[in-house]
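Look at the sequence and the model together as you read. The paragraphs below go from single residues to strands, helices and cores.

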Amino acid sequence: MRSLKFFEKWKVAITEAEDLICLAEDDVIIDIAVCGICGTDIGIISGDYSVALSGTTLGHEAAGVVAKIGTGVTQFKPGDRVVVNPTYSCNECRMCMIGNSNHCEMKVGTEAGVSYDGAFADQYRAKEAFLRKVDDKVTLQAASLTEPLSCTITGVDKLDITHTNIRAAVIGAGTMGMLYLWVLYQRGIRAFLVEKNHFRYQFSQRNCPPNTSIYKDFEEALRQEYGAENKQIDLVVDTTGQLTEVIFKYLAPGGKILNIALKDKVASLDIMKIADKSLSIIGSIDSLNNSFERAYIMIRDGDIPADSLVSHQFYLNDYIEAFKLVGCDIDTQSIIPSAAPNCKVLLRLSSEV
């Protein structure tokens with residue numbers, strides 16, 4: 001089988017190995033159909049998020065078909081279409097016991113695409129408890145968005161939204177920005193979008209929730225939305241990690257910033273204002289509180305236009321072209337602007353749909 005492995009900063013390659021086998025009774029071997037390129041993968045390759053172990057297969061947003069099952073597996077059989085939940089949790093460590101299973105202390109060695117071989121490969125070895133059957137009416141490409149959508153739901157849960165007439169914005173029109181717009185929309189929040197890249201701006205125009213306003217500059221957006229004298233905002237989701245200090249200046253009392261960007265960047269904030277204005281600076285990562293199941297149901301029921309958010313699919317051998325499209329130029333070892341309208345880009349391993 002083929003797999004796309006990470007070795008060191010800017011060094012990745014397709015390798016060949018024997019097909020996978022079940023090692024434990026609850027193992028399930030998946031023939032991968034598609035796996036999405038995530039910002040985490042880009043950060044690992046570029047060195048911006050240097051967490052992956054050398055020799056690890058990348059990729060964690062995957063769907064496919066069951067090929068083999070361990071002796072103890074009862075919920076799945078060969079031929080079942082499934083989507084993979086890559087957020088392992090042991091349910092026994094202190095983090096799991098206090099409700100932070102997305103920070104399970106057993107993550108090292110179990111985190112797909114980071115410390116455990118991921119799904120940019122013909123096959124992936126999963127645990128029965130971390131799979132979900134895909135309904136016949138749901139495409140595998142749509143199902144592969146379950147993981148990033150589950151991370152989005154985790155973040156929106158943390159915002160503890162109690163009013164629908166708040167002022168809200170999302171920074172960045174990549175996959176996560178688009179998913180945050182849609183989840184907020186489903187919870188009654190009309191957020192405006194900020195995206196300066198011309199091509200992602202174009203894509204978002206066609207795929208945002210109804211009546212979403214789109215801007216190229218955050219401060220100009222505040223002026224247009226609320227007027228020059230009343231530019232306060234209640235909630236901002238920053239998927240880029242670049243605007244924390246700027247956003248902070250405009251937070252209304254009780255305002256919240258949610259940062260989901262895995263960027264090596266430092267911001268300077270006024271501590272007195274955090275207390276005096278009851279401000280919240282929040283981070284979020286991974287699935288939590290059954291968000292994976294909730295995400296899949298939203299995709300199944302059409303609450304999120306998952307198929308439409310998949311802009312491109314490339315076969316595994318064309319991974320360099322796929323990563324370049326999303327701004328990760330492996331050949332020149334540089335991060336570049338997106339050069340075509342795009343959102344979620346998938347690597348396709350088989351023709352299963």
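A residue is called buried when its relative accessible area is under 20%, exposed when it is over 50%, and partly exposed in between, using a 1.4 Å probe and protein chains only. I271 counts as exposed because its relative accessibility is 62%. This is a predicted model, in which local features need pLDDT of at least 70 and side-chain atom pairs count only at pLDDT 80 or more, while totals for chains, interfaces and linings use all residues. Residues are numbered from 1 along each chain as its sequence is written, and side-chain values use heavy atoms, with hydrogens and water left out.

I271 belongs to helix α9, residues 271-276. Helices (H or I, at least four residues) and strands (E, at least two) are DSSP runs, numbered from the N terminus. Between the C-alpha atoms of I271 and V183 there are 30 Å, and the two residues are 88 residues apart along the chain.

Now turn to the strands. Strands of a sheet pair through backbone hydrogen bonds, either parallel or antiparallel. Here two strands are said to pair if DSSP finds at least two bridges between them. Strand β1 (residues 2-8) is joined to β4 by two bridges, and F6 has T56 as its bridge partner in β4.

K5 also lies in strand β1. Is K5 buried or exposed? K5 counts as buried because its relative accessible area is 15%. Leaving out neighbours within four places in sequence, K5 is in contact (heavy atoms within 4.5 Å) with residues including K11, V12, T56 and D117. Two polar contacts can be described for the K5 side chain. A polar contact is a pair of N or O atoms within 3.5 Å; within protein, one must be able to donate a hydrogen and the other to accept it, and residues adjacent in sequence count only if both atoms are side-chain atoms. The K5 side chain reaches the backbone oxygen of G55 at 3.1 Å, and a polar contact of 3.3 Å links it to the side chain of D117.

Other strands pair as well. Strand β3 (residues 27-36) and strand β5 (residues 61-69) run antiparallel and are joined by eight bridges. In this pair, I32 stands opposite G64. Strand β5 also pairs with strand β6 (residues 81-84), in the antiparallel sense, over three bridges. There, V65 stands opposite R81.

Next comes the interior. A nonpolar core is a set of buried Ala, Val, Leu, Ile, Met, Phe, Trp, Tyr and Cys residues joined through side-chain atoms within 4.5 Å. The largest nonpolar core has 47 residues, and L149, V170, M178, L184, L193, I304 and L309 touch the most other members. Helix α5 (residues 175-186) gives the largest share of this core, seven residues. Beyond its neighbours within four places in sequence, L149 is in contact with L179, V183, A295, M298, I299 and I304. Another core, of 39 residues, lies apart from this one, and V66, A112, L131 and L325 are among its members.

In helix α10 (291-300), the buried residues are S291, F292, A295, Y296, M298 and I299. They are on the same side of α10 because they cover an arc of only 160 degrees around the axis, the arc being that of the directions from the helix axis to the C-beta atoms. These residues pack against β6, β8 (131-133), α3 (140-143), α4 (146-159), α5 and α11 (306-309). After α10 comes G302, with a positive phi near 80 degrees.

S287 is in the loop between β14 (280-283) and α10. S287 counts as buried because its relative accessibility is 7%. The side chains of S287 and S150 make a polar contact of 2.5 Å.

Finally, consider the cysteines. A disulfide is a covalent bond between the sulfur atoms of two cysteines. The cut-off used is a pair of cysteine sulfur atoms within 2.5 Å. How many disulfides does a search of the whole structure find? The search finds zero. The sulfur of C38 is too far for a bond, because the closest cysteine sulfur, in C151, is 7.4 Å away. C343 is in no disulfide either, and its nearest cysteine sulfur, that of C208, is 9.3 Å away. C343 is buried, with a relative accessible area of 3%.
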